[in-house]
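Hi,

Here is the structure I said I would pass on.

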Amino acid sequence: MVKTYLSKKSENPNIEINIFVDWHRAQRGLIGEKKSLGNAEFYRKLNDQYKHKINIFGVPIKTKELLGVLHLKGIIIDDDVIYSGASLNNVYLAKNVKYRYDRYHVINNKYLSDVMVNYINTYFKGQKAISSLINTSKLKHKLSKIDIQNFRHNLQHSYYKLCKKQISPNSIGAFPIVGFGKKNNKLNTIILNLILSSKSHVILCTPYFNFPLSVKRALKKVMKNNIHVSIIVGDKQASDFYAHPDKPFKIISGLPYLYETKLRQYIKKHQQFIDNDLLKIHLWKDGDNSFHVKGIWSDNDYMLITGNNLNPRAWRLDLENGILFKNNNNLMDSEWEKEINKITQKTKIIKSYNQIDSINTYPPKIKTLLKRLKTFQADHVLNQLI
């Protein structure tokens, strides 16, 4: 993708191309793999091959990746917004044998694209905390805690600036939302409101089963009010962290099993709702491919596309965004139904927690790891960071 942008810049040197990625993630390899210089080195080498450079910036949300990252999504090209929870690499784009399943939406709307670009211009450009990933000297300088604190303060009060505009009954409403931090998080508020305001049904997609407590409470409340809840989640083998038991053990390989134990506990605790057809769990699996779909549908009225994983990390630590669609006059009913059917095509319905593997069936090293986490009560701390 970067190479495509560089080629476009060569064809038209006057075109403005700015890429913003997380500062920390850009400078490391895959978690659990050998140490590497990460994508930043790749960006620099590609840029060196072209006369006309493009701007690639590293955005540090916190001083350490563990404590928060840039998880803002969206590509704006002229009047088009391409929105997905996915990253842009060969696995997501199914360039090799394996693919990672996600949602992709292309929205042609000048007003929406202008609003999203304005957010970047207002809150990112010119910030002292943000540095070029192309400039080697910039990479070597130590991050300023004060600059990052000031940047975070601005982000906590940031928002997409929308003008009051009447939406025609024959148009689809699209509202970009941004959220950061535990307090006054607009995206978190919208997510909870979507669940609690549902009158008939609500559908949630997440690749990692680890709902924040407030989301669990909201779901339980609506189910008690006879609102149908569907949760679409990836099987442990559909996680990009999953490693076959025959491969060398890595601590990071325990994450899919940890998520699965949480799913099993949740199903066991809410079995009565499954029995009463108020809770439906869809477990996605397709060979060695992985699942990364996120989003919410509330009745046939609203749909949220987002990069938010609906977990404590997204709820408290990362900078997240999304686009909320209002389905005026049921114009999108058929399209939404097609997408949901497509997403659930590779799923099976879980009727009981007994259909989910228990910790006793896990590989010995995974079993030992999870038991140690529980013994030292580290599972609660880890739960807030994954």
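Predicted model: local features only at pLDDT ≥ 70, side-chain atom pairs only at ≥ 80, totals over all residues.

Which residues of helix 3 are buried? They are Leu-112, Ser-113, Val-115, Met-116, Tyr-119, Ile-120 and Tyr-123. Looking down the axis of helix 3, you'll find these buried residues within an arc of 160°, so they line one face of the helix. The N-terminal end of helix 3 is capped by Asn-109, with a side-chain oxygen 3.0 Å from the backbone nitrogen of Tyr-111.

Next, the charged pairs. As background, side chains of opposite charge can pair when their charged atoms come close. There are twelve salt bridges in the structure, and here are some of them.

Arg-103 and Glu-339 meet through their side chains in a salt bridge, 2.8 Å from N to O. This pair links distant parts of the chain, 236 residues apart: Arg-103 is in the loop between strand 5 (100-101) and strand 6 (104-108), while Glu-339 belongs to helix 11 (residues 333-343). Are these two buried or exposed? Arg-103 counts as buried because its relative accessibility is 4%, under the 20% cut-off. Glu-339 is buried as well, at 17%.

Glu-65 and Arg-25 make another salt bridge, and their closest N and O atoms are 3.2 Å apart. Glu-65 is buried, with a relative accessible area of 18%, whereas Arg-25 is partly exposed at 33%.

Then there is Asp-286 with Lys-346, a salt bridge whose closest N and O atoms are 4.0 Å apart. Asp-286 lies in the loop between strand 11 (279-284) and strand 12 (290-291), and Lys-346 in the loop between helix 11 and strand 16 (347-350), so the pair ties together parts that are 60 residues apart in sequence. Asp-286 counts as buried at 19% relative accessibility, but Lys-346 is partly exposed at 39%.

Glu-41, Arg-44 and Lys-45 are also worth a click, as they are linked in a network of salt bridges.

Last, a couple of backbone angles. Most residues other than glycine have a negative phi, and most peptide bonds are trans. Ala-94 has a positive phi, near 55°, and it is found in the loop between strand 4 (80-84) and strand 5. Ala-94 is partly exposed, with a relative accessible area of 45%. Asn-329 also has a positive phi, near 55°. You'll find Asn-329 in the loop between strand 15 (320-326) and helix 11, and it counts as exposed because its relative accessible area is 51%, over the 50% cut-off.

Cheers

Note on methods. Residues numbered from 1 in each chain as written. Heavy atoms only, no water. Buried < 20%, exposed > 50% of the residue type's maximum accessible area, 1.4 Å probe, protein only. Helix = DSSP H or I, 4+ residues; strand = E, 2+ residues; numbered from the N terminus. Arc of directions from axis to C-beta. Polar contact = N/O pair within 3.5 Å; in protein donor to acceptor, adjacent residues only side chain to side chain.
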